[in-house]
Amino acid sequence: PFNPGEINCALTLLCQMIGNIIAFIGATSMVMSTPYKDVAGIDEAQMNVFINDVIYSKIVTGMCCTMIFGNTYYAWMAWRMMRREKTTNVCTLPYGINTPAAFAFIFGVIAKAAKEAAATGMSMEEGVLYAWRVGCVANLVSGFIATLCGFAGPLIVKVAPAASLMVALAGLGFTYP
C-alpha cells in the first residue's frame, strides 16, 4: 500500500537531483570556459552559447536518461522482491548522481582536459568537445571498473571487516545528526 511518506521521499529525491544538476551545469560551464576567457578573438557570448549547447544537448540529456532508467530498474527490482517475499514493506535505493564523484570528474577530469586543449592550441569549439569526450571516456572506464568490482562484492564482504563497509554510512551519521 501507498504511504504518505513516499511523497516526501520522492519530492526530496527530485529536489536533490535538480539541485545537483544545476550545480553540475554551473561547474561544468565554468571549467569549460575558463581556459578560453582571456584568449583573443573569442566572443564570450558565443562561447557560452556553444558550451551551453554541449551541456544541455549532450550531458544533461544523458544524465536524465540514466536517472530515469536507473530509478525504473530499481523500482522494478523492488516490485519483484515484494512479489517474491509476499510483503509490501520493501524499500529501494534511489538511483541518482554520485555528487562527490561528479564533482571529481568535473574538476579533476573535464577541467584538466579543457586546460590541456587550450594549452595545445585547440580552438574553443574543439577544446570544449575534447573535454566532453575525455569526460565520457573517463566515465565509461570508471563504470567498467565498478562493474568488475561488483563481481568481487561477495568476496569483499567476506574479507573486509564489517566496520569498514559502513564508513559512508558513518560519514552521513556524523554529517546529519
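Reader: Let's start with threonine 28. Where does it lie?
Author: Threonine 28 sits in helix H1, which covers residues 5–33. Keep in mind that this is a predicted model.

Reader: Why is threonine 28 called buried?
Author: Its relative accessibility is 4%, and buried means under 20%. So threonine 28 counts as buried.

Reader: What makes the pair of threonine 28 and phenylalanine 24 a polar contact?
Author: A polar atom in the side chain of threonine 28 is 2.7 Å from the backbone oxygen of phenylalanine 24.

Reader: Which residues is threonine 28 in contact with, leaving aside neighbours within four places in sequence?
Author: Those are Ile55, Ile59 and Ile106.

Reader: Now serine 29, also in helix H1. Why is serine 29 called buried?
Author: Serine 29 has a relative accessible area of 18%. The limit is under 20%, so serine 29 is buried. With neighbours within four places set aside, its contacts are Ile51, Asn52 and Ile55.

Reader: What do the buried residues of H1 pack against?
Author: They pack against helix H2 (44–85), helix H3 (99–119) and helix H4 (124–151). Among the buried residues of H1 are Met17, Ile21, Phe24, Thr28 and Ser29.

Reader: How do you know that the span of H1 agrees with what its 29 residues should give?
Author: Take 1.5 Å a residue, and H1 should span 42 Å. The C-alpha atoms at its ends are 42 Å apart, so the two values agree.

Conventions:
Residues are numbered from 1 along each chain as its sequence is written. This is a predicted model: local features need pLDDT of at least 70, side-chain atom pairs count only at pLDDT 80 or more; totals for chains, interfaces and linings use all residues. Side-chain values use heavy atoms; hydrogens and water are left out. Helices (H or I, at least four residues) and strands (E, at least two) are DSSP runs, numbered from the N terminus. Buried means under 20% relative accessible area, exposed over 50%, partly exposed in between (1.4 Å probe, protein chains only). A polar contact is a pair of N or O atoms within 3.5 Å; within protein, one must be able to donate a hydrogen and the other to accept it, and residues adjacent in sequence count only if both atoms are side-chain atoms. Contact means heavy atoms within 4.5 Å. The expected span of a helix is 1.5 Å times one less than its number of residues.
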